[in-house]
Amino acid sequence: MLQLITHNYQTIPGWFDFDWIYQAAVAAAYPNAKLVEVGAFLGRSSSYLVTEAANADKDLEVNIVDLWWGSSEHHFKNYMPEFMRNMAHLRGHFNPIRLPSTVAAGALGNTDFVFLDAEHTRKALSADIRAWRNTYPAIIAGHDYKPNQFTGVCEAVHEAFGDNFSVRGSTWYAVLPQHKSYINIRKFRDAIA
Ligand SMILES: C[S@@+](CC[C@H](N)C(=O)[O-])C[C@H]1O[C@@H](n2cnc3c(N)ncnc32)[C@H](O)[C@@H]1O
């Protein structure tokens, strides 16, 4: 019988209020779907996603992309050892990918679900959306759609999708039906309803 993994994300510092979309993506994923999180920091959101995916027991491929060198905001420190310690109990259930977001998009091939939470400028997010859209995800989403705080995020999302996206809390998401996808979009919509 599958031994469920206990969540530890609550003990990890970070910015995570989008558990609902990770739950929905995992619920809607067919076996072997490829899920991606871009922007992990110390693993708060990553730990949640990987635990949900592992507990679903559907052989989901979870890729976690970050540079783990922080940013000016995070004092240019190497955060990867701390991230790996926070994720130690989840080894084997995810692939840490230490590459710039747009390079990782080129390296990963087709994906099914992508969540963007890396750099929040208009220029950086536009580049991320362009690069990850080319991996044909059925759902692409991201954090910090906050008109008063992250205008660049809002501008980049509008520029990319026009009115064809939704916002819940501070998370934006766009559903992009694909010819072949390992995400059941109806199930995704039901799960977030
Ligand atoms: C806001 S934090 C992510 C927070 C995380 N989701 C959480 O739950 O706490 C943004 C992260 O994106 C990473 N990042 C920024 N620009 C990046 C890039 N171009 N490629 C990959 N990672 C990047 C940073 O290193 C940082 O760890």
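Tutor: This is a predicted model. Start with strand β1 (residues 34-38) and β4: they run parallel, joined by 4 bridges.

Student: Which residue of β4 is the bridge partner of L35?
Tutor: F113.

Student: And which residue in β5 does F113 stand opposite?
Tutor: I139. Strand β5 (residues 139-142) runs parallel to β4, and 4 bridges join the two.

Student: Are the faces of strand β4 covered or open?
Tutor: Covered, on both sides. F113 and F115 are buried on one side of β4 (residues 113-116), V114 and L116 on the other.

Student: Zoom out. What is the strand order in the sheet?
Tutor: β3-β2-β1-β4-β5-β7-β6. The sheet is open, has 7 strands and shows mixed pairing.

Student: What does the twist average from one strand to the next?
Tutor: 20°.

Student: How many bridges pair β2 with β3?
Tutor: 3, in the parallel sense, with β2 covering residues 61-65. Within that pair, I64 is opposite P96 of β3.

Student: Helices now. Which strands does α5 touch?
Tutor: β1, β4 and β5, as α5 packs on the sheet. The direction of α5 makes about 170° with that of β4.

Student: How do the axes of α5 and α6 cross?
Tutor: At roughly 35°, coming within 8 Å. That is α5 (residues 122-133) against α6 (residues 151-161). The crossing is right-handed.

Student: Which residues make the contact?
Tutor: From α5, R122, L125, S126 and I129. From α6, G152, V153, E155, A156, E159 and A160. By class, the contact has 5 nonpolar, 2 polar and 3 charged residues.

Student: Switching topic. Which residues are closest to the ligand?
Tutor: G14, G39, F41, S45 and S101, out of 19 residues that surround the ligand. The shell has 9 nonpolar, 6 polar and 4 charged residues.

Student: Last one: N55. Where does N55 lie, and why does N55 count as partly exposed?
Tutor: N55 lies in helix α2 (residues 44-56). N55 counts as partly exposed because 16 C-beta neighbours fall inside 10 Å; buried would take 20 or more.

Student: What does N55 touch?
Tutor: L4 and I5, leaving aside residues up to four places away in sequence. Also, the C-alpha atoms of N55 and H93 are separated by 9.9 Å, with the two residues 38 apart along the chain.

Note on methods. Residues numbered from 1 in each chain as written. Predicted model: local features only at pLDDT ≥ 70, side-chain atom pairs only at ≥ 80, totals over all residues. Axes fitted to C-alpha atoms, helices over the stretch in contact; angles between N-to-C directions. Left-handed = near helix turned anticlockwise from the far one by under 90°. Contact = placed C-beta atoms within 7 Å. Nonpolar A, V, L, I, M, F, W, Y, C, P; charged D, E, K, R; others polar. Near = placed C-beta within 6 Å. Buried ≥ 20, exposed ≤ 12 C-beta atoms within 10 Å, placed from the backbone. Pairing = 2+ DSSP bridges.
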